[in-house]
Amino acid sequence: LLSSVLVNQADAGLANGSKFLGNIIAGSVPPSYGTYWNQVTPENSTKWESVEGSRNNMNWSQADTAYNYARSNGFPFKFHTLVWGAQEPGWVKGLSAADQKAEVTQWIKAAGQRYPNAAFVDVVNEPLHQKPSYRNAIGGDGSTGWDWVIWSFQQARQAFPNAKLHINDYGIINDPSLADQYVNIINQLKSRGLIDGIGIQCHHFSMDNVSVNTMNTVLNKLSATGLPIYVSELDITGDDNTQLARYKEKFPVLWQNPSVKGVTLWGYIQGQTWKDGTHLLNSNGTERPALQWLRQYLKR
Ligand code: XIL
């Protein structure tokens, strides 16, 4: 299952509307579902656990499917994700610190060798929430408070010299004080030339009830870093009318912000979403009102 994406005009040289967006679930969705997307983020297949569930035995076949789909359609591909405290392989936890460091170093290198043309990489996922079991092995908090994050971006820069490196976290759009903590990490990375973009996930639990005012407060804090912002995992719940009203009120706040360079929807087909109620396409192929509105709004 791939997650999908809408990318706006400043992203990766795609002019807004210049491409009719390609459906991103290659082969598994009837053409009648239509075409919506112009960037690909694999939902699970480029996570460490998915690739190296057993030690020293990396299986890239699902990830390759997503990557090849993106490449053959000319869509930017985002590698999601290198360093994260969830969906890390179970075997990592029990290793010595030296072995943990060697393994994660090797994982990052292997990812870069496999996908040298990835446009974007989520280097560290959810640093404010889900710290990896091997965090101390790769520098711990250290004098910056975020040495392990800095180390991760240094490795990623070497492994993916051509990609835009992103950080990615949730619960930011609805929480100005968490946004301040996020900005602190981001500025540590920025002063070292290690980061190119800010991911804010924007899942339903942050989005459904957030006010426009709070969203703008947070976006202002993030854009003050000077870095582009990417809404990386948007989903919104509600019955048809509620979901529509929420998209109408909140999507433009994201999309029209000059610092927001792209929006990725996280799951959109009924029965195949991460959380029930967030889908935009019904399983019978009809579009929910929020998607009809979204296409009109985006002229797609
Ligand atoms: C989720 C996937 O959508 C699920 O299929 C999987 O079971 C768990 O992970 N933050 C992230 C995503 O960065 O990778 C997560 O994706 C959702 C929360």
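The chain in this predicted model has a mean pLDDT of 86, and 87% of its residues reach 70 or more. For the model as a whole, the scores are ipTM 0.99 and pTM 0.91.

The chain contains 9 helices and 8 strands. Of its 300 residues, 45% count as buried. Among the contacts in the chain with a separation of 6 or more, 76% are accounted for by residues 24 or more positions apart.

One pair of helices may be examined in detail. Two packed helices are described by the angle between their axes and the distance between the axes. For helix α5 (residues 176–190) and helix α7 (residues 212–223), the angle is about 10° and the axes are 10 Å apart. Angles under 35 degrees count as roughly parallel, and α5 and α7 are therefore roughly parallel to each other. On the side of α5, the contact is made by P176, A179, D180 and V183; α7 contributes T214, T217, V218, K221 and L222. By class, this contact of α5 with α7 has 5 nonpolar, 2 polar and 2 charged residues.

T217, one of the contact residues of α7, also illustrates how separate parts of the sequence are brought together. The C-alpha atoms of T217 and P176 are separated by 6.8 Å, although the two residues are 41 residues apart along the chain. T217 has 14 other C-beta atoms within 10 Å. A residue is buried with 20 or more such atoms and exposed with 12 or fewer, so T217 is classed as partly exposed.

N284 and T144 are 140 residues apart along the chain, and their C-alpha atoms are separated by 52 Å.

The ligand remains to be described. The residues that surround the ligand are E43, N44, N125, Q201, E233 and W274. By class, this shell has 1 nonpolar, 3 polar and 2 charged residues. The contact of α5 with α7, for its part, has 5 nonpolar residues along with 2 polar and 2 charged ones.

Notes: Residues are numbered from 1 along each chain as its sequence is written. This is a predicted model: local features need pLDDT of at least 70, side-chain atom pairs count only at pLDDT 80 or more; totals for chains, interfaces and linings use all residues. Axes are lines fitted to C-alpha atoms, for helices over the stretch in contact, and angles run from 0 to 180 degrees between N-to-C directions. Helices (H or I, at least four residues) and strands (E, at least two) are DSSP runs, numbered from the N terminus. Angles under 35 degrees count as roughly parallel, over 145 as roughly antiparallel, 65 to 115 as roughly perpendicular and the rest as oblique. Two residues are in contact if their C-beta atoms, placed from the backbone, lie within 7 Å. Ala, Val, Leu, Ile, Met, Phe, Trp, Tyr, Cys and Pro count as nonpolar, Asp, Glu, Lys and Arg as charged, and the others, Gly among them, as polar. A residue is near a molecule or strand if its C-beta atom, placed from the backbone, lies within 6 Å of it. pLDDT is the predictor's confidence in each residue, from 0 to 100.
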